Amino acid sequence: MEYDWLTVGLIVLGVVWGLTGIEILLGPISWIIAKIFNLEKTFADECEPVRRIGLKIVVDKSYQRIRNYSQRIKDLVNAASEQFRKQFKIEFYIQEIVLLEYRVKSLKVFLGWLKFEFPVTPQSDFDLVIGFAGKPYDFSTGGMAYFLGNYAVIKRSWYKDKTLIHEIGHLFGADDYEGLSNYFSVMNYYAPFWLKFFDLEQGKIVYSNKWKNFRTG
Ligand SMILES: [Zn+2]
């Protein structure tokens with residue numbers, strides 16, 4: 001049998017395009033649209049004070065074998081902090097990184113456990129608790145958070161800074177978008193992974209909670 005290399009080539013190209021094409025195509029297009037229409041709004045004034053939020057980070061045992069995991073976590077928090085600083089003048093700092101002795105199997109159970117294990121009270125020196133799990137069984141979700149609460153959990157993955165910003169968004173009262181309306185928002189599941197800003201509607205909500213007291217207990 002003789003191969004028609006052009007056909008084989010086109011099939012291979014088609015499969016690769018099918019797997020990655022949507023992101024490759026939508027990525028640059030949506031970036032250009034976001035820039036042209038100035039969709040990334042800044043909500044805070046230049047002279048406004050910065051709100052500093054302390055994060056207690058809890059990672060499961062799977063992080064033990066990742067080289068420089070604490071530096072990677074710091075980079076991740078810095079990326080989220082940069083986005084929140086740009087739009088709201090909110091910054092995050094790491095109060096502590098806790099390494100667990102076991103692997104997390106369920107994000108949902110992890111979320112409840114964090115609340116039990118690390119209560120946030122008026123005496124606490126942190127505001128939010130963010131848990132990271134290597135390979136939990138929940139396939140459908142990249143993260144979970146309590147709406148306007150203190151706790152969020154995130155599955156380790158390569159688009160994780162979008163997930164971290166998204167989940168912290170829930171802690172500041174932002175809601176999910178699931179359809180293609182409001183596509184240009186970190187709160188939309190279908191937005192490209194590099195789109196990390198809040199749209200006007202959800203951004204207003206986050207900004208209204210800028211000075212929320214998280215250490216209520
Ligand atoms: Zn969400």
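Five strands form an open sheet with mixed pairing, in the order β2-β1-β3-β5-β4. Strands here are DSSP runs of E with at least two residues, helices are runs of H or I with at least four, and both are numbered from the N terminus; two strands pair if DSSP finds at least two bridges between them. At the edges sit β2 and β4 (143-145), each pairing on one side only. Direction ignored, neighbouring strands of this sheet are turned by 20 degrees against each other on average.

A word on the model: it is predicted, so local features need pLDDT of at least 70 and side-chain atom pairs count only at pLDDT 80 or more, while totals for chains, interfaces and linings use all residues. Residues are numbered from 1 along each chain as its sequence is written.

Now look at β1 (residues 51-59). Nine bridges join β1 to β2 (residues 90-99), and the two run parallel. Along this pairing, G54 stands opposite Y93 and L55 opposite I94. Strand β1 also pairs with β3 (residues 128-133), again in the parallel sense, over five bridges; there V58 has G131 as its bridge partner.

How are the helices placed? Together, β1, helix α2 (residues 69-88) and β2 make a right-handed β-α-β unit: with the strands pointing away from the viewer, the path from the first strand over the helix to the second runs clockwise. Helix α2 lies across β1 and β2, running at about 160 degrees to β2. Such angles run from 0 to 180 degrees between N-to-C directions, with axes fitted to C-alpha atoms, for helices over the stretch in contact. Helix α3 (residues 107-117) packs on the sheet too, touching β1, β3, β4 and β5 (151-155), and its direction makes about 145 degrees with that of β5. Contact means that the C-beta atoms of two residues, placed from the backbone, lie within 7 Å.
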